Amino acid sequence: MILCKPIGQRLSVLFLSFFALSVVSVSAQDAAAGKALYASKCGACHNIFKKMTGPALGGLEDRHKWADHKELLAWINNPAAYMAKDAYTQGLKAEYGSMMTGFPEITLKDVDDLVAYINAEVVAQKSGGDKKDVAAEAPDTSNQNALIFGIISLILGVVALILMQVNSNLKKMSDDAEGILRPAPLPFYRNKTYIALASVIFFVFGGYMVAKGAIGLGRQTNYQPDQPIFYSHKVHAGINQINCLYCHGNAWESKHAAIPSVNVCMNCHKAISTYEKGPKLYNDRGEEIDGTAEIAKLYKYAGFDPNNPNKWDPSMAKPIEWVKIHNLPDHVYFNHSQHVTAGNVQCQSCHGEITAMDEVKQVAELSMGWCINCHRQTNVNFNYDSTKGNKFYSIYEKFHNDIKSGKMDSVKVKDIGGLECQKCHY
Amino acid sequence: MKKVLYITGSLSLVIALVSCGGPRKDEGRAYMPDMAYSRAYETYSSTEALDKANIHYVARPVEGTIARGEMPAYTLKNDSAGYAQSAFVKNPLDSADLTAEQLTEAARLYQINCGICHGAKLDGNGPLYTSGAYPAAPRNLIGDPLMLAMTEGTMFHSVTYGKNLMGSYASQLSTKQRWQIIAFIKAEQAKKGAPAAAAPAAADSTAKK
């Protein structure tokens, strides 16, 4: 009985895969030709599994008269003529808002290939659907380590205290036994050595904490607020390699890096409505995040209905109220374009390894010392010619001459006024 | 013995407070609040208070105005008639705006805004599509006969208003930047041996005006 069940399961799996293989192998050649055709002709507007510019193509043979490939061919070759006497395709145009582009060069063989490819994909999706368990990634454990170390040091401290008590008790007993008379021992909290030690520790520790707290006033290192949507920079900028400037393009030409408006999100998410292929997402409390549900939140802001993509009106979108993380006091002036365009500073230099962060937190302390330090150490890109390098610093004639004559080997930001008060405070 | 308990208790409390890690959720306090928070309305600050005072701030330029250094607005409407007319629109940038340096800038803008789908080589194989994240095949800008035949005006119209699944890029790229990118795509098409008809047309438009 114990053996029976697995064998039964195996047999059924074997049978299923054999069945799937046989279906695929019969139409393998056709499907391969169909795949190339599909990518070049259909893929821009159709997806097999979901509605996009046009209807989902999976299971198209069950709809209308498409099981007859001649009908399908007539429609593909000349949609306008076919639609004139056909109510179903007129309905399609009403639903999707536009008529399909005609492909007069498609032949009946092509249609057979295309349908074979689409059916093979549908079969592959169904059989592949069950085995989708990705190994769960364990959430970060560094916090637990800190807690364990804390508890261990506490226990060690208590043990040390007890040992000291035991030691003094033993000493007293040995003194009693040998008849040595000593004054009654003071309890440790009246012992001057202990008091002095404790007060020194108290002042050092307390002073450190007070100084640290005072320095931290107005600084937000590690600030990581909860955002209205769990937007993962790791997925977008890391895994999918979207350029930072795609969304934050203003960093190139303006003071602010700018938060993208909803229509920028929808440039891609009009088509990407589910989160399936990426790694599992966890928030900072270790709870798993459903990416698809987060995209649905975006659709709510955008007023977008994924079942009816062509009815979307971008002007009805509502702004998402993201929480600003990197705050500078009002008495500091900072300009992104000066650093990114003229200075060629990478985003990651100040914002940390953004492409590895699910939820963004402030990495740099954004203090004045931190700014000044970088201005002291960073070289300015002075080596320009007609095509590369920037011409922003071309007016610093003396420095250019000094570099040429070998008096200087590099120009730091501080040399061109990077430490002057009024550059940032005015 | 009671005091020992007291001291160990308070010590453990301090340690517990210090070791209480986890992400920081509060902004903290400002040292000099009067100089830390702007009294003026900053970018992205809420305009709720203005609304209450009956001042309706729309955050958009006044209709019909042009920003300094920007080109006159594109006038064709986002409808099928506008799309048809756009075929006859010529690239208004003259050769001074399309130097090798400007085309390098256009290539940079292309890689940031278009390359993610249409591919770094303009062949429709952008990383977002090849990784399987994006479900629709982006147009092959240098291989698809449809794209080779498409005039620069129609391309500009599509980039400005969006076409099929592609959204509008008018909010991300200025009019001039969009024309530069179109010029870059047409130049790349010509390099790849586009039909003879398309190349002179592109050359015309840059020579004129």
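Two residues are in contact if their C-beta atoms, placed from the backbone, lie within 7 Å. This is a predicted model, in which local features need pLDDT of at least 70 and side-chain atom pairs count only at pLDDT 80 or more, whereas totals for chains, interfaces and linings use all residues. Residues are numbered from 1 along each chain as its sequence is written, and chains are lettered from A and ligands numbered from 1 in the order in which they are written.

**View 1. Chain A as a whole.** Chain A contains 17 helices and two strands; helices (H or I, at least four residues) and strands (E, at least two) are DSSP runs, numbered from the N terminus. Of contacts in chain A between residues at least 6 apart in sequence, 65% link residues at least 24 apart. Chain A has 426 residues, of which 14% are buried, a residue being buried if 20 or more other C-beta atoms, placed from the backbone, lie within 10 Å of its own.

**View 2. Confidence along chain A.** The predictor's confidence in each residue is given as pLDDT, from 0 to 100. Its mean over chain A is 81, and 88% of the residues of chain A reach 70 or more. In residues 10-27 of chain A the pLDDT is below 50, and this stretch has eight contacts in the model beyond near neighbours in sequence. Residues 129-139 of chain A also have pLDDT below 50, with six contacts beyond near neighbours in sequence. Where pLDDT is low, the predicted coordinates should not be read in detail.

**View 3. The contact between chains A and B.** Chain A contributes 51 residues to the contact and chain B contributes 41 residues. On the side of chain A that touches chain B, α7 (142-178), α10 (244-247) and α11 (262-269) each supply at least two residues. The largest share of that side, six residues, is from α7(A). By class, the side of chain A that touches chain B holds 22 nonpolar, 21 polar and eight charged residues. Here Ala, Val, Leu, Ile, Met, Phe, Trp, Tyr, Cys and Pro count as nonpolar, Asp, Glu, Lys and Arg as charged, and the others, Gly among them, as polar.

**View 4. Helices α11 and α12 of chain A.** The axes of α11(A) and α12 (residues 291-302) of chain A come within 11 Å and cross at roughly 125 degrees; axes are lines fitted to C-alpha atoms, for helices over the stretch in contact, and angles run from 0 to 180 degrees between N-to-C directions. α11(A) is therefore oblique to α12(A). Angles under 35 degrees count as roughly parallel, over 145 as roughly antiparallel, 65 to 115 as roughly perpendicular and the rest as oblique. V262(A), C265(A), M266(A) and H269(A) of α11(A) meet I295(A), L298(A), Y301(A) and A302(A) of α12(A). These contact residues comprise seven nonpolar, one polar and no charged.

**View 5. Helices α5 and α10 of chain B.** The axes of α5 (residues 100-113) and α10 (residues 175-191) of chain B come within 8 Å and cross at roughly 95 degrees, so α5(B) and α10(B) are roughly perpendicular to each other. Among the residues of α5(B) in this contact are L103(B), L109(B) and Y110(B), while those of α10(B) include I181(B) and F184(B). The contact residues divide into nine nonpolar, three polar and one charged.

**View 6. Helices α9 and α10 of chain B.** Helix α9 (residues 152-161) of chain B packs against α10(B) at an angle of about 130 degrees, with the axes 10 Å apart; α9(B) and α10(B) are therefore oblique to each other. E152(B), M155(B), F156(B), V159(B) and T160(B) of α9(B) make the contact with R178(B), W179(B), I182(B), I185(B) and K186(B) of α10(B). Six nonpolar, one polar and three charged residues form this contact of α9(B) with α10(B).

Technical notes:
Buried ≥ 20, exposed ≤ 12 C-beta atoms within 10 Å, placed from the backbone.
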